Amino acid sequence: MKMRLVFLILGATFLFVTCTQYREIQPTRTRNLQPSEVAAYHPPITLNIGWVPYQDQKLVKTGKNEWKIVKTEAGKQGAVPFILVNYADSKDTVFLDMNMDNAMLGKLIKHSLMTQEPIKRPFTEFFEVASCQKCHPAEVKVDFDK
């Protein structure tokens with residue numbers, strides 16, 4: 001009998017606590033998008049892979065405090081890939097290393113596409129100019145880390 005009373009009190013407490021936690025639902029704004037009816041486009045960004053030739057070199061000591069750069073092996077040459085970023089309205093090309101972090105590369109491209117600002121070094125200054133807040137209204141909270 002005591003166990004039933006304890007379970008009844010616990011059940012009533014649980015119902016009271018969970019039912020009082022419900023809040024009134026706030027109406028939200030919704031949009032109906034039609035991707036097939038694009039109204040405008042931003043200028044395109046072209047990404048290409050470019051191969052830049054190189055020849056290995058080394059530093060050789062020629063005197064007490066003298067050094068010179070010489071080719072390591074005569075005739076041995078290679079090529080290093082770079083990502084080339086070109087903008088339709090500009091003749092400037094930005095070279096991005098292939099070992100760049102994927103998240104950073106995606107963020108650079110996304111910010112450049114959305115704000116129409118060309119990617120420039122240093123990237124910290126580029127992100128200040130190509131800020132998401134430039135386009136979004138002040139009341140829209142933007143998660144910059146995603």
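How many residues sit between β4 and β5 in their hairpin? The answer is five. Keep in mind as you go through these close-ups that the model is predicted.

**View 1. The whole chain, from one end to the other.** Start by finding your bearings: the chain has three helices and five strands. If you trace the chain from the N terminus, the elements come in the order α-β-β-β-β-β-α-α. The chain has 146 residues, and 14% of them count as buried.

**View 2. A three-stranded open sheet.** Here you're looking at three strands lined up as β1-β4-β5, with antiparallel pairing. β1 (45–54) and β5 are the edge strands, as each of them pairs on one side only. Going from one strand to the next, the twist averages 35°.

**View 3. Where β1 meets β4.** Zoom in on β1 and β4, an antiparallel pair held over ten bridges. A handy pair of residues to look for is L47 and V85: L47 stands opposite V85, which belongs to β4.

View 4. Strand β4 covers residues 78–87 and pairs with β5 in the antiparallel sense, over five bridges. Between the two strands, five residues complete the hairpin.

**View 5**

View 6. The hairpin that links β2 to β3 passes through five residues. To spot the pairing, look for L59: its bridge partner in β3 is I69.

**View 7. A closer look at K58.** Lysine K58 sits in strand β2 (residues 57–61). Is K58 buried, partly exposed or exposed? With a relative accessibility of 44%, K58 counts as partly exposed, because that value falls between the 20% and 50% cut-offs. Which residues does K58 touch, leaving out those up to four places away in sequence? They are K68, I69, V70 and T72. Check out K71 as well: K58 and K71 are 13 residues apart in sequence, and their C-alpha atoms are 6.3 Å apart in space.

**View 8. A nonpolar patch on the surface.** Three residues, I49, W51 and M98, make up a nonpolar patch on the surface. Taken together, I49, W51 and M98 have about 360 Å² of accessible area. You'll find M98 in the loop between β5 (93–97) and α2 (102–115). On its own, M98 has a relative accessible area of 44%, so it is partly exposed.

View 9. Let's finish with the backbone. Where is Q116? Q116 lies in the loop between α2 and α3. Its phi is positive, about 60°, although Q116 is not a glycine. Q116 is also partly exposed, because its relative accessible area is 44%. Now look for P122, found in the loop between α2 and α3 (123–129). The peptide bond that joins R121 and P122 is cis, with an omega of about -10°.

Conventions:
Residues are numbered from 1 along each chain as its sequence is written. This is a predicted model: local features need pLDDT of at least 70, side-chain atom pairs count only at pLDDT 80 or more; totals for chains, interfaces and linings use all residues. Side-chain values use heavy atoms; hydrogens and water are left out. Helices (H or I, at least four residues) and strands (E, at least two) are DSSP runs, numbered from the N terminus. Buried means under 20% relative accessible area, exposed over 50%, partly exposed in between (1.4 Å probe, protein chains only). Patches are made of residues with over 30% relative accessible area and no salt bridge: like charges are joined within 9 Å, nonpolar side chains (Val, Leu, Ile, Met, Phe, Trp, Tyr) within 5 Å. Accessible areas come from the Shrake-Rupley method with a 1.4 Å probe; for residues, only the protein chains shown count as cover. A salt bridge is a side-chain nitrogen of Lys or Arg within 4 Å of a carboxyl oxygen of Asp or Glu. Contact means heavy atoms within 4.5 Å. Two strands pair if DSSP finds at least two bridges between them. Axes are lines fitted to C-alpha atoms, for helices over the stretch in contact, and angles run from 0 to 180 degrees between N-to-C directions.
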